[in-house]
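Here are my notes on this structure, point by point. Please read them with the model open.

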Amino acid sequence: MKKLFALLCLSVTLLWGCKKDDTPAAKTKTDLIVRNWQFQTASVTLGTIPVTAYTKGGGAGNLVDFSSSYMNFKADKSFSQVILPGTTTTGTWKFNADETAFIITSTSGSVDTWAIDNLTETNLNFSRQIAGNSTDPSDQSWLALIKSYGFSTASGAKIEVKAIPNP
């Protein structure tokens with residue numbers, strides 16, 4: 001009887017000790033960003049003047065057609081995106097040292113750094129501040145795009161994008 005009682009105690013102890021932890025591990029920033037993101041809004045602040053460039057479902061009221069735009073971050077650190085219709089870019093991505101920004105390097109060598117304003121499983125909000133006199137080739141490309149819509153970039157520009165997972 002003592003052996004049976006000892007075996008029962010041992011079994012209960014083992015079962016109790018093997019209880020599954022109910023708390024899931026926190027997701028890393030890599031876990032959160034690796035997916036395909038679809039643009040919901042895009043805006044540019046020129047000096048102190050905010051301009052909404054795109055709102056999903058805005059149709060003809062949008063300055064820019066980002067309806068087919070996406071950013072796809074892959075676990076192997078490869079990257080693809082469509083910003084404007086018909087312009088697919090591929091390359092690699094990485095976080096900066098403190099994971100407050102992501103850096104995209106296209107296969108053509110262009111480098112874009114974007115600050116992460118919010119990153120969750122359901123939102124990726126990112127932005128980029130560009131000085132009006134920047135000589136960085138990537139900044140100049142963005143400033144040229146903004147100018148092509150008739151806006152002055154002499155005071156610089158802040159580009160802000162909000163995206164959600166693309167189903």
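1. Start at Thr153. Leaving out residues up to four places away in sequence, Thr153 touches Leu46, Gly132, Leu143, Ile146 and Lys147. Thr153 sits in the loop between H3 and E9. Is Thr153 buried or exposed? Thr153 is buried, because its relative accessible area is 3%, and the cut-off for buried is under 20%. Keep in mind that this is a predicted model.

2. Overall layout. The protein chain has 3 helices and 9 strands. Along the sequence they run α-α-β-β-β-β-β-β-β-β-α-β. The chain has 167 residues, and buried residues make up 34% of them. Take the contacts with a separation of 6 or more: 49% of these join residues 24 or more positions apart. The chain exposes about 10200 Å², and carbon and sulfur atoms supply 59% of that area.

3. The nonpolar core. In soluble globular proteins, nonpolar side chains tend to be buried together. Here the largest nonpolar core holds 33 residues. Which of its members touch the most others? They are Ile33, Phe73 and Phe102. E1 provides the largest share of this core, with 5 residues.

4. Phe102 in detail. Again without residues up to four places away in sequence, the contacts of Phe102 include Ile33, Met71, Phe73, Phe95 and Trp114. Phe102 also touches Ile116, Leu124 and Phe126.

5. The cavity. Rolling a probe the size of a water molecule over the atoms shows where empty space is left. How many cavities of 30 Å³ or more does the structure hold? The structure holds 1. About 290 Å³ of space lies in the largest cavity. Its lining has 24 residues, and those closest to the centre are Val44, Ala53, Phe66, Trp142 and Leu145.

6. What lines the cavity. By class, the lining of the largest cavity has 21 nonpolar, 2 polar and 1 charged residues. At least two lining residues come from each of strand E1 (35-46), strand E2 (49-55), strand E7 (111-119), helix H3 (137-147) and strand E9 (157-165). E1 gives the most, with 5 residues.

7. The largest pocket contains about 300 Å³ of space. Of its 13 lining residues, Gln81, Ile83, Thr89, Asp112 and Trp142 are the closest to the centre. Two or more lining residues come from each of strand E6 (101-106) and H3. H3 gives the most to this lining, with 4 residues. By class, the lining of the largest pocket has 5 nonpolar, 7 polar and 1 charged residues.

8. Trp142. This residue deserves a look from both sides. Trp142 is among the residues closest to the centre of the largest cavity. Trp142 is also among those closest to the centre of the largest pocket.

9. Tyr54. Tyr54 is found in strand E2. Tyr54 counts as buried because its relative accessible area is 3%. Setting aside residues up to four places away in sequence, Tyr54 touches Phe39, Gln40, Thr41, Ala42, Asn62, Val64, Phe66 and Ser67. Phe39 is 15 residues from Tyr54 along the chain, and their C-alpha atoms are separated by 8.7 Å.

10. Two backbone angles to check. Phi of Lys77 is near 75 degrees, a positive value in a residue other than glycine. Lys77 lies in the loop between strand E3 (70-73) and strand E4 (78-82). Lys77 is partly exposed, with a relative accessible area of 30%. Glu99 also has a positive phi without being glycine, near 55 degrees. The place of Glu99 is the loop between strand E5 (88-95) and E6. Glu99 is partly exposed, at a relative accessible area of 31%.

11. Asp136. Where does Asp136 sit? Asp136 is in the loop between strand E8 (124-130) and H3. Asp136 is partly exposed, with a relative accessible area of 33%. Val111 is 25 residues away along the chain, and the C-alpha atoms of Asp136 and Val111 are separated by 9.3 Å.

Methods: Residues numbered from 1 in each chain as written. Predicted model: local features only at pLDDT ≥ 70, side-chain atom pairs only at ≥ 80, totals over all residues. Heavy atoms only, no water. 1 Å grid on protein atoms, 1.4 Å probe; cavity = no way out; pocket = protein on both sides within 12 Å on 5 of 7 lines; lining within 4 Å. Points joined across faces, edges and corners; volume = space filled by probe spheres on them. Nonpolar A, V, L, I, M, F, W, Y, C, P; charged D, E, K, R; others polar. Buried < 20%, exposed > 50% of the residue type's maximum accessible area, 1.4 Å probe, protein only. Core = buried A, V, L, I, M, F, W, Y, C linked by side-chain atoms within 4.5 Å. Contact = heavy atoms within 4.5 Å. Areas by Shrake-Rupley, 256 points an atom, 1.4 Å probe, with all protein chains shown as cover.
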